[in-house]
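Please look at the sequence and the structure first.

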Amino acid sequence: MRRTPLLLPHNQAGTVPEPRAPDPVSVLVVEDDATIRRAVQLALERYGYRVDVAADGLSGLEAFRAGVHDLLILDVMLPELDGIGLCHRIREESLVPVLMMSARGDALDVVAGLEAGADDYVIKPVDTPVLVARIRALLRRATFEPSQSPPSGPPEAPDHVLVFGDLTVDTLGMEVRRAGEPVPLTPTELRLLLEFAAAPGSVLDRRRLLREVWDYGWEGDTRVVDLCVLRLRKKIGSSRIETVRGFGYKLVRT
């Protein structure tokens with residue numbers, strides 16, 4: 001039985017900032033270890049979140065389908081249905097933000113979670129303010145409001161509609177179409193595409209994307225960027241985003 005603690009009570013400086021209650025937000029936590037599950041629930045409730053919990057993957061899937069949640073936190077190692085499988089099932093039905101957590105710093109866990117459609121991940125044990133910061137960053141991406149002065153598209157298109165070959169990006173309506181068909185994107189995938197669309201043809205390095213899309217104010221894992229780019233390519237066309245080795249990625253104009 002795992003006894004890995006999830007939450008550390010203090011941050012690196014040894015202090016915990018006073019919690020500030022956000023607008024009512026519902027979080028579903030799926031974790032099989034009762035001690036960890038309760039610790040996460042109490043910590044998030046202290047910060048003003050409404051928290052539902054489930055102890056295994058199948059119960060988590062039922063709770064997800066039975067309620068309306070703004071964000072999901074899924075442990076990787078779950079009985080009945082593991083976190084990777086659960087994330088796959090959720091992505092078949094919803095684009096809700098998903099944060100994966102793993103007791104192991106295993107690269108395979110991280111990659112599998114991101115490939116399954118997770119938006120971000122944390123490794124246990126995690127400092128409580130860091131966990132809350134990751135949650136807030138995910139929620140900001142999910143409620144992103146575009147600038148009222150987006151880059152202009154071609155002359156025949158409205159200013160807020162950007163056209164790249166068969167791909168159109170409506171920066172006000174937050175709608176993406178490929179060959180006229182809607183493309184379902186998670187909030188993180190949409191933010192990533194908007195970042196590319198704002199500078200077509202320009203190479204964007206991974207650290208900039210971590211800062212602008214994932215809202216990391218610290219050094220983050222660039223695998224998050226690579227896996228999200230991979231998922232985005234599958235949806236908008238593999239040739240639409242070009243890899244510039246040693247530098248980053250760029251959106252092809254035509």
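Which residues have the most contacts inside the largest nonpolar core? They are Leu74, Met100, Leu192, Phe196 and Trp214, in a core of 52 residues. Helix 8 (residues 223-236) supplies the largest share of this core, seven residues. A second, separate core of 20 residues includes Tyr47, Leu131, Ile135 and Leu139.

A nonpolar core here is a set of buried Ala, Val, Leu, Ile, Met, Phe, Trp, Tyr and Cys residues joined through side-chain atoms within 4.5 Å, where buried means under 20% relative accessible area with a 1.4 Å probe, protein chains only.

The model is predicted: local features need pLDDT of at least 70, side-chain atom pairs count only at pLDDT 80 or more, and totals for chains, interfaces and linings use all residues. Residues are numbered from 1 along each chain as its sequence is written, and side-chain values use heavy atoms, leaving out hydrogens and water.

Four strands form an open antiparallel sheet in the order 8-9-10-11; strands are DSSP runs of E, at least two residues, and helices are runs of H or I, at least four, numbered from the N terminus. Two strands pair if DSSP finds at least two bridges between them. Strand 8 and strand 9 pair over four bridges, and Leu167 in strand 9 is the bridge partner of Phe164.

| Strand 8 | 161-164 |
| Strand 11 | 181-182 |

Helix 6 (residues 187-197) lies across strand 8, strand 9 and strand 10. Trp214 touches residues including Asp119, Arg141 and Leu192, contact meaning heavy atoms within 4.5 Å.

Technical notes: Axes are lines fitted to C-alpha atoms, for helices over the stretch in contact, and angles run from 0 to 180 degrees between N-to-C directions. Buried means under 20% relative accessible area, exposed over 50%, partly exposed in between (1.4 Å probe, protein chains only). Lists of a residue's contacts leave out its neighbours within four places in sequence.
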